[in-house]
Amino acid sequence: MGVKYEFTLPSSSGADFRSAEHLPLVVYFYPKDSTPGCTTEGLDFNARLEQFEALGYTVVGISRDGVKAHQNFCVKQGFRFELLSDKDETVCRLFDVIKLKKLYGKESLGIERSTFVLNKDGEIVREWRKVKVAGHAQEVLETLSR
């Protein structure tokens, strides 16, 4: 039996999201609300949401942004899934997605774009790290459809 990943985080819905109540689960970690890559990724998951749900999966996005920023992002983009706020990076560290990043020669710690699939027992059954946005949501969907 594998490691169980359980977490509770504040959600864009206004309530706490408890992972154990939404399994199986597709969890994608992204760096920042309302940035071009993160917007595209969210829109791609949103466009395929019914297909994920038809396979029995809940989709959630996690970043370090606050709930208010998540709510604004969801409204502006029409996301129909929840975004979870991990300001203290507890869940980010649980999934080991906080990495040293370089931007314009400066180093900082940030979220490495990653996606995880948790089965009905809360165990990771598939992961993607260093995700490139283009085609990613479709790739996750195709993997789950097999």
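Predicted model: local features only at pLDDT ≥ 70, side-chain atom pairs only at ≥ 80, totals over all residues.
Strand β8 covers residues 114-118, and five of its five residues are buried, so the strand is largely enclosed by the rest of the structure. In a regular strand, side chains alternate between the two faces of the sheet. Both faces of β8 are covered: one side carries the buried residues Ser114, Phe116 and Leu118, and the other carries Thr115 and Val117, which are buried as well.

Strand β3 (residues 25-29) is joined to β8 by five bridges, and Tyr28 stands opposite Thr115 in β8. With strand β9 (residues 124-128), β8 pairs over four bridges, again in the antiparallel sense. Here Leu118 stands opposite Ile124 in β9. The hairpin of β8 and β9 has five residues between the strands, and in this hairpin Gly122 takes a positive phi near 80°.

## Helix α1

Helix α1 has twelve residues, which at 1.5 Å a residue should span 16 Å; the end C-alpha atoms are 16 Å apart, in agreement with that value. Its buried residues are Cys38, Thr39, Glu41, Gly42, Phe45 and Asn46. Seen down the helix axis, these buried residues of α1 fall within an arc of 165°, so they line one face of the helix. An α-helix has 3.6 residues a turn, so residues three or four places apart point the same way. The face of α1 turned away from the buried side carries Pro36 and Ala47, which are exposed.

The cover over the buried residues of α1 includes strands β3, β4 and β8 together with helices α2 (49-54), α3 and α5. Asn46 lies in α1 and counts as buried because its relative accessibility is 8%, below the 20% cut-off. Leaving aside neighbours within four places in sequence, Asn46 is in contact with Gly78, Phe79, Arg80 and Phe81.

Which residues of α5 are buried? They are His136, Ala137, Val140, Leu141, Thr143 and Leu144. These residues cover an arc of only 160° around the axis, which puts them on the same side of α5. Among the elements that cover them are β3, α1, α2, β8 and β9.

Two packed helices are described by the angle between their axes and the distance between the axes. For α1 and α5 (residues 136-145), the angle is about 35° and the axes are 8 Å apart. Glu41, Asp44 and Phe45 of α1 make this contact with His136, Ala137 and Val140 of α5. The residues of the contact divide into three nonpolar, one polar and two charged.

## Helix α3 and the residue that follows

Helix α3 spans residues 67-77, and its buried residues are His70, Phe73 and Cys74. Seen down the axis of α3, they fall within an arc of 100°, so they line one face of the helix. On the other side of α3, the exposed residues are Lys68, Val75 and Lys76.

The cover over the buried residues of α3 includes helix α1 (36-47) and strands β4 (58-63) and β5 (82-85). After α3 comes Gly78, with a positive phi near 75°. Gly78 is also one of the residues in contact with Asn46.

Terms used
Residues numbered from 1 in each chain as written. Heavy atoms only, no water. Buried < 20%, exposed > 50% of the residue type's maximum accessible area, 1.4 Å probe, protein only. Helix = DSSP H or I, 4+ residues; strand = E, 2+ residues; numbered from the N terminus. Arc of directions from axis to C-beta. Contact = heavy atoms within 4.5 Å. Axes fitted to C-alpha atoms, helices over the stretch in contact; angles between N-to-C directions. Nonpolar A, V, L, I, M, F, W, Y, C, P; charged D, E, K, R; others polar. Pairing = 2+ DSSP bridges. Expected span 1.5 Å × (residues − 1).
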